[in-house]
Amino acid sequence: MNIDFTHTYSAALNEFVIESSPDKIDNPELVFFNSDLDESLNLNLGNNDSQALGDFFAGNSLTSKAHAQAYAGHQFGHYNPQLGDGRALIIGEHIDLSGHKHDLCLKGSGRTPFSRGGDGKAALGPMLREVLIAESMHALNIPTTRSLAVVKTNEDVYRQSMEPGAILCRTAASHIRIGTFQFVSNYAREEGVKKLADYAIARHYPQCSKTDKPYINFLNCVVNKQAELIAKWMSVGFIHGVMNTDNMCISGETIDYGPCAFMEAYHPETVFSSIDHQGRYAYQNQPAIAQWNLARLAETLLPLLSDDEQASIDIATQSVTDFGKQYKVSWHQAMRAKLGFHTEVDNQTMEREIALINRFLDIIQDNKADFTLSWLYIGNLLKNEAFEYGELIDNNENFKVWFTEYLAALNIADTIDQTNSSLQKAIKTMANANPVVIPRNHNVEQALTDAATLDNFDEFNNLYKVINQPFENSNAPSRYILPANTNFTQHFKTFCGT
Ligand code: AMP
Ligand code: MG
């Protein structure tokens, strides 16, 4: 088995990678293979038998060199000048039929020169968790790294207790992080940052190289991409959990599915991560944290933005400040669809819609209503259909007033008439924006426990199937649609998976 990889990153930035080999794995066992992704990337690995695939994704049969990338990062606000791939190796770049490059990375393949005190390994549960959440994100139309395969290594790794070991093959538009820029800026100053920025521009934002201000435009592009990304996270109640600068990709893809989770009852301060004691990465803080991270990126680019130091600072400040405006536009766009708003907007309509969205969020917060179901509930009211997932929202005066104003904003009369074309458009818009199925925490936990402790993948496979069809999924069993009981959610904590 062979893939004709390119290695452009390690060739262009060889001072910032270290060649390293995956550990040899005896009897790897393929437990997950994403044939849809395999086909869409035109990898065509699906014809191989599972033993050959197992060996390949364990790193046993690589025919070219693998590399660990260096990066730094602010972790919970504290700068660590050297992190790097401590338990992952990039095995090469594959070019798909449309000419896009995708890194293939093996996560959990053994120690590297960046492993510090770690064992370089990964446990099966967290790798399957990454599959379920990353592939859900993809199905929800949110930019993300993807999961191509998981193999069991048939060795135990020690975490809170002994757990079965595994390796995940992750694909990504690239693995260049804000932390990569921080590392390079620290060790190789302007010259290194220029090399990295030129590479990142050529790979992700080639339009910037055609302008006379490529680095300013590059920064603006990354700011814009991050604003769009975080707005999309917020629109589905996704909480990343560990938005350190080493976990934020320049490409604008979601990366590093550690302690992430989807919110159930809506509360802006929701945090699941067991180590996030201050709530730094709580749901509502995500936009501000993304902006803070972008400021760290901007700092590394300062020497490239202008010859004049003060002018560079002004440019960087402007770009990072603009995140606020762009986030607002992206958030409004993502959230308005959830309420079915579908007409062109001017500034005044935008402000009116934002006020309505925020008032609805206040209502669901007061009702402790499930975030995902709340939008479906409104959809059902528009359809005049009974809602089969319980009385989510108290139909009190406050809600009635809001609902009347909402109908007016949609240009729908108080008595809902199903022949109204604006109503039908709103219903269609909502169906495409509001998932029925998200990877609910209790279902994910059940799937992982069965796989890791009983070697039973039935629940994982069932869940994988439903999360791949999140919208308008009338076939999904209700246990994948309903939230966990509040006792489970109150005590639910996520871990980094390290
Ligand atoms: P993460 O929390 O996955 O973003 O990882 C933060 C840093 O710790 C990265 O540099 C990882 O490569 C490193 N790391 C995480 N787990 C391990 C492990 N088991 N062995 C070695 N390094 C690790
Ligand atoms: Mg990471």
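**The ligand site and the domains beside it**

Modeller: The shell around ligand 1 draws at least three residues from each of domain 1 (8–72 + 81–172) and domain 2 (181–336); the bounds come from an automatic or database domain assignment. This is a predicted model: local features need pLDDT of at least 70, side-chain atom pairs count only at pLDDT 80 or more, and totals for chains, interfaces and linings use all residues. Residues are numbered from 1 along each chain as its sequence is written, chains are lettered from A and ligands numbered from 1 in the order in which they are written, and side-chain values use heavy atoms, with hydrogens and water left out.

Start at the ligand. Of the 18 residues around ligand 1 (a heavy atom within 4 Å), Gly84, Gly86, Arg116, Asp119 and Gly120 come nearest. A polar backbone atom of Gly86 is 2.7 Å from an oxygen atom of ligand 1. The side chain of Asn247 has an N or O atom 3.1 Å from a ligand 1 oxygen atom. The protein covers 88% of the 480 Å² of accessible area that ligand 1 has on its own (Shrake-Rupley method, 1.4 Å probe).

Now the two domains. Their C-alpha centres lie 24 Å apart. In contact (heavy atoms within 4.5 Å) are 30 residues of domain 1 and 28 residues of domain 2. The rule finds three salt bridges across this interface; each needs a side-chain nitrogen of Lys or Arg within 4 Å of a carboxyl oxygen of Asp or Glu.

Note on methods. A polar contact is a pair of N or O atoms within 3.5 Å; within protein, one must be able to donate a hydrogen and the other to accept it, and residues adjacent in sequence count only if both atoms are side-chain atoms.
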